[in-house]
Amino acid sequence: MSEMLDGAIRRVVVIGNGFAGAENQSIGLVRALGLSNRFSLYRVTRPQGGINRWFKWLPVSIHKKLDSVVRRICGNSRFQSLNSNIGISNVLEADAHSIALMARETFYKDGPLLVVASGRDTISVATSIKRLASENVFLVQIQHPRFLLNRFDLVITPRHDYYPLTPHAQQQLPWFLRRWVTPWEPPGRNVVLTVGALHQADSAALRVAASAWHHELATLPKPLLVVNIGGPTGNCPYGVDLAKNLVVMLQNVLWSCGTIRISFSRRTPEKISKILIKEFSTNPKVQIWDGEGPNPHMGHLAWADAFVITADSVSMLSEACSTGKPVYVIGAELCTWKFADFQNSLQKQGVARPFTGMENISESWCYPPLNDTAEAATQVTAALAQRGWTIRAQ
């Protein structure tokens, strides 16, 4: 016991769920803490294939038990393997008992363990690690876990997750539903509120991306307008009408652009992408990324002079609004509930404006960039200090 270290955190376990949007938030926080070379990624996986798509609302542990029962009854031939749709094959399955055991056994040699998790599916494993090694682990949960926030040392979540508590939201809810909509109480002392999502697009990452994409993007005629198209969601629905409106708006601002680069996400419906491809594929000023080859997203963040982004993606908007460059949003008026609140917060802070098609893209404007990831890291460091622990950055 006399060899106990100075309470410095030198290693991180990231608990992921296989979704880039969630895992990028955890890794972005780790980067901001200066521990990007000191983390291990573990992943909570759900059974895939067959009827499993109907069970995604269940807790992961129950889903796996149900899948096991169904396989014994029906056989495996109609089902894909457990990890078949998970992106990285060499990522270890997150096992709370083994991670907690590692934290306890190595505490006096390697110091406390920082655990960072993001997404609903990670909550059970993350809280089990904390329960099994409470004296050796500091647990940060990104995205609101809905209830029992005292299970976590720190919760990092966007401010709009607390929209259901506002008078405006309460008026929208029938009285008999109010007790079922979370969160149920205002943020406590262990909650850190952000404007948007955490991400990895910090200044160091953008410098690397600027160098990597210099040959392809630096010589393009300026200004460079990057258009990022996501996909409709339940709270930000849109269809071909928005795509057609976007076409008209882009045509109206084309005169003020040197180059327009259009990118689609994996969520973009083909009926939407086809409209833009048909209209702009032969225009010499417009380039469309077809999904082949390296993803230019980070290069676009580094080299763009302005952005047009669909309102559905909190992640893409958060990244773009951290650059200090003009960000225009299309479809914000279609968003509902807390996502409408998010759009309103961006506009009130002056970090994003509605895209109207009346803009002169060569006329730039600026604002204090969103700095959620670095600010959240500062709060993590302060919370660790209250426990007598520090970050030993690389």
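User: How many disulfides does a search of the whole structure find?
Analyst: The model examined here is a predicted one. A pair of cysteine sulfur atoms counts as a disulfide within 2.5 Å, and Cys236 and Cys335 have an S to S distance of 2.2 Å. The number of disulfides found in a search of the whole structure is one.

User: How many residues apart in sequence are the parts that the pair Cys236 and Cys335 ties together?
Analyst: Cys236 belongs to the loop between strand E9 (224–229) and H9, whereas Cys335 belongs to the loop between strand E13 (327–330) and helix H13 (337–349). The pair therefore ties together parts whose separation in sequence is 99 residues.

User: Is the link of Cys236 and Cys335 right-handed or left-handed?
Analyst: The two cysteines are joined by a disulfide. The angle about the S-S bond is 110°. The link of Cys236 and Cys335 is right-handed.

User: Are helices H9 and H10 roughly parallel or roughly perpendicular?
Analyst: The axes of helix H9 (residues 240–253) and helix H10 (residues 270–280) come within 9 Å, with a crossing angle of roughly 25°. Because angles under 35 degrees count as roughly parallel, the relation of H9 to H10 is roughly parallel.

User: Are H1 and H14 roughly parallel or roughly perpendicular to each other?
Analyst: Helix H1 (residues 20–32) and helix H14 (residues 372–386) have axes that come within 9 Å and cross at roughly 70°. Angles of 65 to 115 degrees count as roughly perpendicular. The relation of H1 and H14 is therefore roughly perpendicular.

User: How many nonpolar residues are in the contact of H1 with H14?
Analyst: H1 passes H14 in a right-handed crossing. Gly28, Leu29 and Ala32 of H1 make the contact with Thr373, Ala374, Ala376, Ala377 and Val380 of H14. By class, the contact of H1 with H14 has no charged residues, two polar residues and, as for nonpolar residues, six.

User: At what angle do the axes of H3 and H5 cross?
Analyst: The crossing of H3 and H5 is right-handed. The axes of helix H3 (residues 96–105) and helix H5 (residues 123–132) come within 9 Å, and their crossing angle is roughly 35°.

User: How many charged residues are in the contact of H3 with H5?
Analyst: Ala96, His97, Ile99, Ala100 and Arg104 in H3 meet Val125, Ser128, Ile129 and Leu132 in H5. Six residues of the contact of H3 with H5 are nonpolar and two are polar, while the number that are charged is one.

User: Which side chain does a polar contact join to that of His297?
Analyst: His297 is found in helix H11 (residues 297–303). Leaving aside its neighbours within four places in sequence, His297 is in contact with Asn228, Met316 and Glu319. The polar contact of His297, at 2.5 Å between side chains, is with Glu319.

User: Which residue does a cis peptide bond join to Thr182?
Analyst: The bond has an omega of about 0°. The proline in question is placed in the loop between helix H6 (167–172) and strand E8 (191–194). The residue joined to Thr182 by the cis peptide bond is Pro183.

User: What is omega for the cis peptide bond that joins Lys222 and Pro223?
Analyst: Pro223 lies in the loop between helix H8 (214–217) and E9. For the cis peptide bond of Lys222 and Pro223, omega is about -5°.

User: Where does Trp337, which has a positive phi although it is not a glycine, lie?
Analyst: Trp337 has a phi of about 55°. The element that holds Trp337 is helix H13.

User: What is the positive phi of Leu148?
Analyst: Leu148 has its place in the loop between strand E6 (137–142) and strand E7 (154–158). Although Leu148 is not a glycine, its phi is positive, at about 50°.

Terms used. Residues numbered from 1 in each chain as written. Predicted model: local features only at pLDDT ≥ 70, side-chain atom pairs only at ≥ 80, totals over all residues. Heavy atoms only, no water. Axes fitted to C-alpha atoms, helices over the stretch in contact; angles between N-to-C directions. Helix = DSSP H or I, 4+ residues; strand = E, 2+ residues; numbered from the N terminus. Parallel < 35°, antiparallel > 145°, perpendicular 65-115°, else oblique. Polar contact = N/O pair within 3.5 Å; in protein donor to acceptor, adjacent residues only side chain to side chain. Contact = heavy atoms within 4.5 Å. Left-handed = near helix turned anticlockwise from the far one by under 90°. Nonpolar A, V, L, I, M, F, W, Y, C, P; charged D, E, K, R; others polar.
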